[in-house]
Amino acid sequence: MNNKKITIAIDGFSSCGKSTMAKDLAKEIGYIYVDTGAMYRSVTLYALRHGMFGADNSIDTAALEKAMPQLKISFKLNAETGRPDTYLNGQLVEKDIRTMEVSSRVSPIAALPFVRKALVEQQQAMGKEKGIVMDGRDIGTVVFPDAELKVFVTASAEVRAQRRFNELKAKGMEADYASILKNVQERDYIDSHREVSPLHKADDAIELDNSHMTIAEQKQWLRERFEERAK
């Protein structure tokens, strides 16, 4: 195994399995893994807990913008799962940020320019030394435009909704396929059409449609792309 450390940027639509791929690769090659989606979910959770959503789901942007400098999101390895857990201001929030309540509100929060600016700064600081795998919506286009390996993951909305449904059920959480599919489609639209850093494939990214691939096949594919670029 050679020692050339690179930056790996994995972007794609929600629930397309990019986090699982990214986590597994980072663990295998000894890189740091950062789930930027968890960072936006943490801000959403903070806004929910501090009454920043109106009855009509409008956001109190002034209050949130004022709070942003105090929001510190970090990741610590969970010895039991072998995966990183998300902490918001030192408090473990890994399970809280995965609820449907957060999922249904994260895209409007992630579309706010001041939220993106603050989190992109945190992400870039995390990746200064390379040797990092980061996944999200704008990693290859905005956060690390010079990343040596960029992957854009996609899958059909129906496949992604089914995966999300299975994931929630496996965790013993409430799940309704129709509302999950609607949420996936709404998030796709917001993520692709927002003014700041919309989701799109970087010109030099490799596209992976994993609609009909197993997790093992995806892992193998990503590992091969890494080996090519790290030479």
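Predicted model: local features only at pLDDT ≥ 70, side-chain atom pairs only at ≥ 80, totals over all residues.
## How two helices cross

Two packed helices are described by the angle between their axes and the distance between the axes. Take helix H1, residues 18-29, and helix H10, residues 215-230. Their axes come within 10 Å and cross at roughly 55°. That angle makes H1 oblique to H10. The crossing of H1 past H10 is right-handed.

## What lies at the helix contact

Which residues in H1 meet H10? They are Thr20, Met21, Ala22, Asp24, Leu25, Glu28 and Ile29. On the H10 side, the partners are Ile215, Gln218, Lys219, Leu222, Arg223 and Phe226.

Leu25 and Leu222 count among the nonpolar residues. Asp24 and Arg223 are among the charged ones.

## The sheet

Now turn to the strands. An open sheet is built from 5 strands. Their order is S2-S6-S1-S7-S8, and they pair in parallel. Which strands form the edges? They are S2, residues 32-35, and S8, residues 206-209. Each edge strand pairs on one side only. From one strand to the next, the twist averages 20°.

## A closer look at S7 and S8

Strand S7 covers residues 149-154. How many bridges join S7 and S8? The two strands pair over 4 bridges, in the parallel sense.

Note on methods
Residues numbered from 1 in each chain as written. Heavy atoms only, no water. Axes fitted to C-alpha atoms, helices over the stretch in contact; angles between N-to-C directions. Parallel < 35°, antiparallel > 145°, perpendicular 65-115°, else oblique. Left-handed = near helix turned anticlockwise from the far one by under 90°. Contact = heavy atoms within 4.5 Å. Pairing = 2+ DSSP bridges.
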